[in-house]
Amino acid sequence: MSKSVKTIFINNKWSESSNHDTINVVAPSTGASIGEISRGDKADIDLAVAAARQAFEGVWGNTAAADRGRLLSRLGLKIAEHAEELAQLEALDTGKAMKLARNDIAATARYFEYYGGAADKLHGDTIPFLNDYQVLIIREPRGVAGHIIPWNYPAQMFGRTIAAALAAGNTTVLKPAEEACLSIIRLTELAHEVGIPAGVLNVVTGNGDEAGAALSSHKDIDFLSFTGSPEVGTLIQKAAADNHVPCVLELGGKSPQIVFDDADIEKALPVIVGAIIQNTGQTCSAGSRVLIQRTIYEEFVTALAKRMNGVRVGSHDADLDCGPVISAVQRDRVNGFLDRAKADGIAVIGQGKLDPSAVSGGFYIKPTLLGPVDEEHELAQDEVFGPVLVAIPFDDEDDALRIANGTEFGLIAGIWTENGGRQMRLAKKLRVGQVYINGYGAGGGIELPFGGFKRSGHGREKGFEALKEYTVSKTIVINHK
Ligand code: ADP
């Protein structure tokens, strides 16, 4: 059954999968089919890894850092030129509201601008050693990097993971998520247009348990970057371990926002709602728990509920506060959490509204605030990956810290207090990769190192830290006596 769908990019050529099979692509806003992608598998991954290996040992390995950077910067400009087209594709494919899709594409361009500028600034070091010796520490690319990314921010993830890897001198094989990768296909065309050499960026669309598993278990990759669920993260890490391949894993979160009774409540409220409805809660760093000091609990949740009631949900092109979730599976999973919470007697205290553009075939969920939720309940422990916020009261600083650190996750946290000493005490004791004080950056800035503790993963992406992940140091000892 040949359908001539060519979404696999190897050695600068577009092709069908070797099995000629395809995967249907659905628009979350309507549930309707909007196209197909190639169902790549092990045979395609083998070709992609071989192409990346050849480019690493050849053209890319011989390209000066400044020239790599120039190509990446050029791609950043190209993405900015095509921003509206890319944003429309991203919104259609993921269901996210147009304004968020536009932000995402601007961020994607910025990743290439940032890492394009950084490519020739990753300096080495020298170390004082014995007399008559000179010691140099140089940073070398890891080699062929495999990238497996999720569907929630396809374009941004492409920028975050590919720009950093290429800037550091690696070649890449990317397996995007089967649920949403149309923007990545277009971004890859743009990368080709600006002159990224053959074999440097290879993309194999396909299913996780086929193409993804083939990439993560491949014997000829040197590094793996994975963003996705903790469950798949475990599989990836096991596959990497079998081949002794180092990896960076960015997994889920159950990130707390901690509100003390001296907080600037008016400043906190919109940020707290924004951090759970952004991308309809489908953000690893979503602020999905709000911990509220008991003295202001009632007052605060009442104001929060009022804001949640004002949130409007509709199709991506209606451009409201929230779009649909990615799929029927995801919708049913989130509704499962809400149904079990109801059965457990947990009160819904605020809920957004569906707009008429939220047609019945789409995967819509009303953003929901529930509370008070016991800190051990699944809603307070598990990642829902939907627009569900749980309110949890606490007594004092120690209690807040205990609850905040009391999940298996540790990605980011927000602290809302005017007390400077408390800000720093908590920031140092929270077991998370990013702490925001009197603010919250779900998704965060490109310049800011990002990653987890515990079940949220390990390694860091974004900022200069990512360049360190994508390189390895080499010590050169020169005896000049
Ligand atoms: P999510 O819950 O966000 O869908 P997943 O962890 O399921 O996250 O998916 C993230 C990425 O991992 C996707 O590109 C998916 O195709 C891929 N993936 C899923 N299962 C596997 C697997 N067994 N091996 C490798 N990659 C996988």
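Q: How are helices H4 and H5 oriented to each other: roughly parallel or roughly antiparallel?

A: The model discussed here is predicted. Helix H4 covers residues 98–118 and helix H5 covers residues 154–167. The two helices pack at an angle of about 5°, and their axes lie 8 Å apart. Angles under 35 degrees count as roughly parallel, and H4 and H5 are therefore roughly parallel to each other.

The residues that form this contact can be named on both sides. Helix H4 contributes Asp104, Ile105, Ala107, Thr108, Tyr111, Phe112 and Tyr115. These residues meet Ala155, Gln156, Phe158, Gly159, Arg160, Ala163, Ala164 and Ala167 of helix H5. Sorted by class, the contact of H4 with H5 comprises 10 nonpolar, 3 polar and 2 charged residues.

The description may now turn to the ligand. For isoleucine 149, a backbone N or O atom is found 2.8 Å from an oxygen atom of the ligand. Glycine 208 also places a backbone N or O atom 3.3 Å from an oxygen atom of the ligand. In serine 229, by contrast, a polar side-chain atom lies 2.7 Å from an oxygen atom of the ligand. Taken alone, the ligand exposes 550 Å², of which the protein buries 81%.

Two details of the backbone complete the account. Most residues other than glycine have a negative phi, and most peptide bonds are trans. Asparagine 11, although not a glycine, has a positive phi of about 55°. Asparagine 11 is located in the loop between strand S1 (8–10) and strand S2 (13–15). The peptide bond from glycine 371 to proline 372 is cis, and its omega is near -10°. Proline 372 belongs to the loop between strand S17 (368–370) and helix H12 (378–381).

How values were computed: Residues are numbered from 1 along each chain as its sequence is written. This is a predicted model: local features need pLDDT of at least 70, side-chain atom pairs count only at pLDDT 80 or more; totals for chains, interfaces and linings use all residues. Side-chain values use heavy atoms; hydrogens and water are left out. Axes are lines fitted to C-alpha atoms, for helices over the stretch in contact, and angles run from 0 to 180 degrees between N-to-C directions. Helices (H or I, at least four residues) and strands (E, at least two) are DSSP runs, numbered from the N terminus. Angles under 35 degrees count as roughly parallel, over 145 as roughly antiparallel, 65 to 115 as roughly perpendicular and the rest as oblique. Contact means heavy atoms within 4.5 Å. Ala, Val, Leu, Ile, Met, Phe, Trp, Tyr, Cys and Pro count as nonpolar, Asp, Glu, Lys and Arg as charged, and the others, Gly among them, as polar. A polar contact is a pair of N or O atoms within 3.5 Å; within protein, one must be able to donate a hydrogen and the other to accept it, and residues adjacent in sequence count only if both atoms are side-chain atoms. Accessible areas come from the Shrake-Rupley method with a 1.4 Å probe; for residues, only the protein chains shown count as cover.
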